[in-house]
Amino acid sequence: MTSVLYDAPGPRAKKRNVLLSLLFLVLILLGLWWAWTAMSDKGQLEWAKWKPWLADSESWTTYLLPGLANTLKAAGLAMVIALPLGALFGIARLSDHRWIRVPAAAVVEFFRAIPVLILMVFANQFYSASTDISVDARPMYAVVTGLVLYNASVLAEIVRAGILSLPKGQTEAAKAIGLRKGQTMTSVLLPQSVTAMLPALVSQLVVIVKDTALGGAMLSFTELLNARKTAASFYASVIPSFIVVAVVFIVLNLLLTSLASWLERRMRRSKKSTGAVVGPEALENLETIGPKKITGDYGENTGGTG
Amino acid sequence: MFDFLEDYDLLEAFWMTVKLTVFAGIGSLVWGTLLAAMRVSPVPVMRWFGTAYVNIVRNIPLTVIIVFSSLGLADVFGITLGAGDDVDTMTFRLAVLGLGAYTAAFVCEAVRSGINTVPVGQAEAARALGLSFSQVLGLIVLPQAFRSVIGPLTNVLIALTKNTTVAAAIGVAEAALLMKEMIENEAQLFLITAIFAFGFVVLTLPTGLILGWLGKRLAVKR
């Protein structure tokens with residue numbers, strides 16, 4: 001790999017790089033060795049502490065798999081409910097009418113500004129005070145509600161970015177063949193923007209999966225992190241349980257991330273789409289995503305047809 | 001209606017949130033920039049380490065990291081970060097450590113995307129003058145990169161401000177923990193939630209506006 005920052009290495013640079021590599025490797029190994037001795041000092045390396053996770057299926061079928069199932073259920077539910085809600089608010093923010101656009105923007109910005117945990121704690125108390133949802137089911141409801149409120153507003157921004165990323169000609173062509181505004185949105189803009197924003201949607205799933213863990217720590221929702229707690233005290237094994245749970249989260253989210261980037265690559269290549277792709281970083285540069293405004297005179301857009 | 005507020009120290013809780021944000025922000029900025037430098041460095045092992053760190057840490061829930069720092073680092077390994085027997089100081093420092101380690105992965109990605117916006121010619125010119133890798137990076141590329149990533153870094157900072165609520169999971173006395181306590185004791189659910197929501201809007205909105213303005217002003221015009 002050659003880069004902007006350095007030339008292809010010559011003999012001296014190669015030697016230096018090898019030396020630095022070795023030095024850094026030694027540093028990493030020292031760190032690992034320190035962690036290893038610390039763990040063996042505290043008896044965390046004993047096979048008895050690892051056996052339940054690696055050799056028995058019981059810890060998985062009794063604790064971790066039900067926890068993982070709850071994590072996935074909450075994340076899936078939140079995504080499925082938040083998507084249409086987000087699409088609605090995203091479209092509302094693009095409305096021609098000020099009285100729709102402004103309140104929608106206010107709602108979206110409000111829920112984006114508040115921590116998910118605050119929303120979850122609120123929902124939990126709200127359900128306990130005002131509804132007769134059973135105590136067992138309440139954490140799940142609260143977690144999903146918190147996730148939906150927050151992620152619907154994030155998805156609204158993704159949808160807005162997706163629609164704005166389509167070339168202006170799409171709307172103009174739809175107008176030219178006499179479609180109404182609603183028809184333009186539902187049969188021209190939305191279907192195309194959905195494919196454009198698929199990568200961003202999948203990577204938002206990673207955020208949702210991670211945020212379910214909040215419910216485990218604060219609302220006694222029995223998701224993966226909380227299942228770890230019960231299992232760890234049962235098997236008296238703290239560090240291995242954390243490592244196992246972290247690995248499960250990493251594998252799950254890496255799968256989602258690579259699905260997202262695979263989709264992104266596929267979309268960029270595909271000839272059927274308009275070429276617009278809204279990546280995970282869409283929210284960060286929302287202002288710059290929109291199509292270039294056609295300025296007064298026929299500046300850059302004529303491109304020599306004159 | 002607001003009588004019950006006298007029993008709670010709202011400002012103290014939000015001050016804790018601010019302290020968590022500032023300390024973890026500084027830590028993640030330093031560590032994240034180092035990671036970004038590793039990821040673009042000519043040394044393969046460093047590149048490999050930076051990539052692995054970012055991909056692993058980004059995919060673990062922050063809650064897991066924070067709870068681990070308390071139950072794993074403190075309880076099992078006895079790492080108190082120099083706090084001795086003072087439990088409040090210890091949990092605070094552990095929370096800063098966890099938040100910083102997590103946020104650094106996102107800072108690293110932001111800085112790296114900034115490095116990519118610097119034109120190749122800049123680095124080529126610097127190399128033609130005979131500057132070494134660290135000089136090219138430190139004197140030419142990073143100063144320009146930082147000015148172009150103030151926007152993304154602001155988003156990371158705002159996310160960090162909201163993420164500090166996770167510290168409530170290990171009992172750091174910040175806003176979310178106080179809210180949970182208040183909501184359980186008082187019957188003013190909507191009022192309390194509105195107060196805390198307002199508090200976070202007050203913290204994040206000016207940050208976004210000021211840094212957003214600064215980012216537009218400082219961005220290198222090309």
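In the predicted model, the secondary structure of chain A consists of eleven helices and zero strands, which follow one another along the sequence in the pattern α-α-α-α-α-α-α-α-α-α-α. Of the 306 residues in this chain, 45% count as buried, and the accessible surface comes to about 16,500 Å², with carbon and sulfur atoms contributing 64% of that area. Among the contacts in chain A with a sequence separation of 6 or more, 73% are made by residues 24 or more positions apart.

Chain A meets chain B through a contact that takes 47 residues from chain A and 56 residues from chain B. The area buried between the two chains is about 4,600 Å², and carbon and sulfur atoms give 77% of it. Zero salt bridges are counted between chain B and chain A, whereas seven residue pairs are found in polar contact across their interface. On the side of chain B that touches chain A, the elements giving two or more residues include helix 2 (44-58), helix 4 (87-117) and helix 9 (189-218) of chain B. Helix 2 of chain B gives the most to this side, with nine residues, and the residues of the side as a whole divide into 41 nonpolar, nine polar and six charged.

Over all chains, the structure holds ten salt bridges, and several residues of chain A, namely A:Arg93, A:Glu109, A:Arg112, A:Glu157 and A:Arg160, are linked in a network of such bridges. A:Glu157 counts as buried, at 2% relative accessibility.

A:Arg93, another member of the network, is found in helix 3 (residues 58-93) of chain A. Because its relative accessibility is 15%, under the 20% limit, A:Arg93 counts as buried. Beyond residues up to four places away in sequence, A:Arg93 touches A:Arg101, A:Ala104, A:Ala105, A:Val108, A:Glu109, A:Glu157 and A:Arg160.

A further salt bridge joins A:Lys181 to A:Asp96, with the closest N and O atoms 3.2 Å apart. The two partners are 85 residues apart and lie in distant parts of the chain, A:Lys181 in helix 8 and A:Asp96 in the loop between helix 3 and helix 4 (98-113) of chain A. A:Lys181 is exposed, with a relative accessible area of 52%, and A:Asp96 counts as exposed at 54% relative accessibility.

Helix 8 (residues 181-218) of chain A also contains A:Gly216, which is buried, with a relative accessible area of 7%. Apart from its neighbours within four places in sequence, A:Gly216 is in contact with A:Phe221, A:Glu223 and A:Asn226. The C-alpha atoms of A:Gly216 and A:Pro139, residues that are 77 residues apart along the chain, are separated by 8.6 Å.

Technical notes
Residues are numbered from 1 along each chain as its sequence is written. Chains are lettered from A and ligands numbered from 1 in the order in which they are written. This is a predicted model: local features need pLDDT of at least 70, side-chain atom pairs count only at pLDDT 80 or more; totals for chains, interfaces and linings use all residues. Side-chain values use heavy atoms; hydrogens and water are left out. Helices (H or I, at least four residues) and strands (E, at least two) are DSSP runs, numbered from the N terminus. Buried means under 20% relative accessible area, exposed over 50%, partly exposed in between (1.4 Å probe, protein chains only). Contact means heavy atoms within 4.5 Å. Accessible areas come from the Shrake-Rupley method with a 1.4 Å probe; for residues, only the protein chains shown count as cover. Buried area is the accessible area (1.4 Å probe) that two parts lose on being put together, summed over both. A salt bridge is a side-chain nitrogen of Lys or Arg within 4 Å of a carboxyl oxygen of Asp or Glu. A polar contact is a pair of N or O atoms within 3.5 Å; within protein, one must be able to donate a hydrogen and the other to accept it, and residues adjacent in sequence count only if both atoms are side-chain atoms. Ala, Val, Leu, Ile, Met, Phe, Trp, Tyr, Cys and Pro count as nonpolar, Asp, Glu, Lys and Arg as charged, and the others, Gly among them, as polar.
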